[in-house]
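Good morning, and thank you for coming. I ask you to keep the sequence and the structure in view while I speak.

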Amino acid sequence: MELLFGVFRALTIVAISVAFAIPMSAYLAAIFSGKPTYLDRIFGPAERAVSWVLGGLDRHDMDWKEYAFSLILTNVILWAFSFAVLWALGMAPGLAFHTASSFMTNTDQQHYAGDAFSPLGQALVITALMFFSAATGLASAFAVIRGLKAADGKVGNFFKDVERGLVRVLLPLSVIFALILVACGVPQSFGGTLEVKAVTGAVQSIPLGPVASLEAIKMIGTNGGGYYGANSAHPYENPSPLTNVLELFFTLLIPLALPYTFGIMIGNRKQGLLLMAVMLAIFVPMSLIMACGESSNPYLPAAVQQASGYLEGKEARFSAYESAFYIATCTYVQCGAASCSVTSMMPWAVLGAMFGMMVQCAPGGIGAGLDIMLIYVLLSVFIAGLMVGRTPEFLGKKVEPAEMKLIALIIIVHPILVLTPTALTALISTAHNITLNPGARGFAEIMYEFLSASANNGSAMAGLENTTLYFNVVSGLVMLLGRYVPLVAALAVAGSLSGKRPIEATPGTLPTDNLTFAAFLLGIIIIVGAITFLPALSLGPLAEIFALR
């Protein structure tokens, strides 16, 4: 019965998120198309002030090369500033490299305990990068959308898109959510400590700081990480069942809104709904499988099994099913937040979480998830067109070898960035005592580290000794390549298509807004994920699953 309640709660959160995502889609489509909204009187002055500070950089349309150059250059400057500040605040160079790379790429993978870092650093670097990295991902999605429907070679203006994303979306939503969190008991201060008496009678000193503001953008921007080492299992980050639900809702809101936003902007809402349906067709069943996998632990005797699921490593305020759904949401949305220990999850939940980071588009991180989904759409159009003898076209534009080379790069770079360092680390793990767990679980922990880094997710399995120079450097490089290679390549695809004039649909044109294509797209996403990662999974969570039988 507790499992049924857990499933019902999960489905309710998804339903509420979808219901609010529809009006959010219309709002996003309006502001990124430059159309007037009811909120112009509120945000217009702030946006004009930012435009004045930029000195006119946001006033002309860019082609994809200008857009990509602006994106990379701005990110490099912010990365260098963040690295310098982190190093100045006492981080070792290797850890500062990893941390700056992590938060600049919307990964937020932490090789340090969050509460061990100063409130100044949390606000000046960590929270600030959470905002900008989310705005960068959001901007890239709209550049790709414009490229798919434009015919003049222009994809928008990077600075204008970031400006809109920050002023009109991320900042107002974060302020609202932060105020709700403060009302629910989440601290928001400039430092200090709170003395709390533990159950054992010992007094514990808990550091305070700008927790609510960090927590808000952490979830809304699909960032992850946490102010405290325990992440969202800490009662000062996630105090109650209400905040638990709200965190999941705000995490899902924008990623689920973006596919329908795409449909609005191309003038085909049905297309947007089908993309959202494909995302949900992966996310919902896999999240339920993960939850059901936590119903019991076969290694324990029946007398100690609990109705609320296998609770080892889970936050006692929530059932195992709620913890599993939290992990599912944050791995399929590429938000590295966690309300329990991933290492304590049963093999089905670990497998489900890893699959979410493999596909990266169900619904994926803010902006970047839609980029990957549209790349899968173009791949599916090309394959389906060849299979049935129809012209590979999408939105009236031919998908040709030039685009397919870039699409192939985007598809293969992710498994290369995951499997290569995983194999290398597995080879040296025994000699260097890298893992704390042996066998299949230890291998899964190694693979999870690099999968999380390449997918820009940020969650981690605690059984891995990753607080070393080796992991700081290798994971940092994986995060940077896993973020910017697909982003730039997706912009290049959009730029290539943006220079083509749409052609009239013919009887030979493959329709992409029906259930048949949606099913085909779903199959392509699953098959590509299975082909590239299945052999490695058979050494990790799949081996554990078969061992349970």
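I shall speak about the nonpolar cores and then about the salt bridges.

This is a predicted model, in which local features need pLDDT of at least 70 and side-chain atom pairs count only at pLDDT 80 or more, while totals for chains, interfaces and linings use all residues. Residues are numbered from 1 along each chain as its sequence is written, and side-chain values use heavy atoms, with hydrogens and water left out.

Let us begin with the cores. A nonpolar core is a set of buried Ala, Val, Leu, Ile, Met, Phe, Trp, Tyr and Cys residues joined through side-chain atoms within 4.5 Å. Buried means under 20% relative accessible area, exposed over 50%, and partly exposed in between, with a 1.4 Å probe and protein chains only. The largest nonpolar core has 166 residues, and Leu28, Leu170, Ile254 and Tyr376 have the most contacts inside it. Helix 5, residues 119–149, supplies the largest share of this core, 16 residues. Helices here are DSSP runs (H or I, at least four residues), numbered from the N terminus.

Which residues does Leu170 touch? Not counting residues up to four places away in sequence, its partners include Phe131, Ala134, Ile254 and Ile366. Contact means heavy atoms within 4.5 Å. A second, separate core has 11 residues, among them Leu417 and Val474.

I turn now to the salt bridges. The structure holds 13 of them; each is a side-chain nitrogen of Lys or Arg within 4 Å of a carboxyl oxygen of Asp or Glu.

Arg168 lies in helix 6 (residues 158–183) and Glu47 in helix 2 (residues 40–54), 121 residues apart. Are these two residues buried or exposed? Both Arg168 and Glu47 are buried.

Asp161 forms a salt bridge with Arg146, with the closest N and O atoms 2.7 Å apart. Asp161 counts as buried because its relative accessibility is 1%, and Arg146 is buried at 12%.

The side chains of Lys500 and Glu403 also form a salt bridge, 3.1 Å from N to O. Lys500 lies in the loop between helix 15 (469–498) and helix 16 (515–537) and Glu403 in helix 13 (residues 401–432), so this pair ties together parts 97 residues apart in sequence. Lys500 and Glu403 are buried.

Finally, salt bridges that share partners join Asp40, Glu47, Lys160, Glu163 and Arg168 into one network.

Technical notes:
Helix = DSSP H or I, 4+ residues; strand = E, 2+ residues; numbered from the N terminus.
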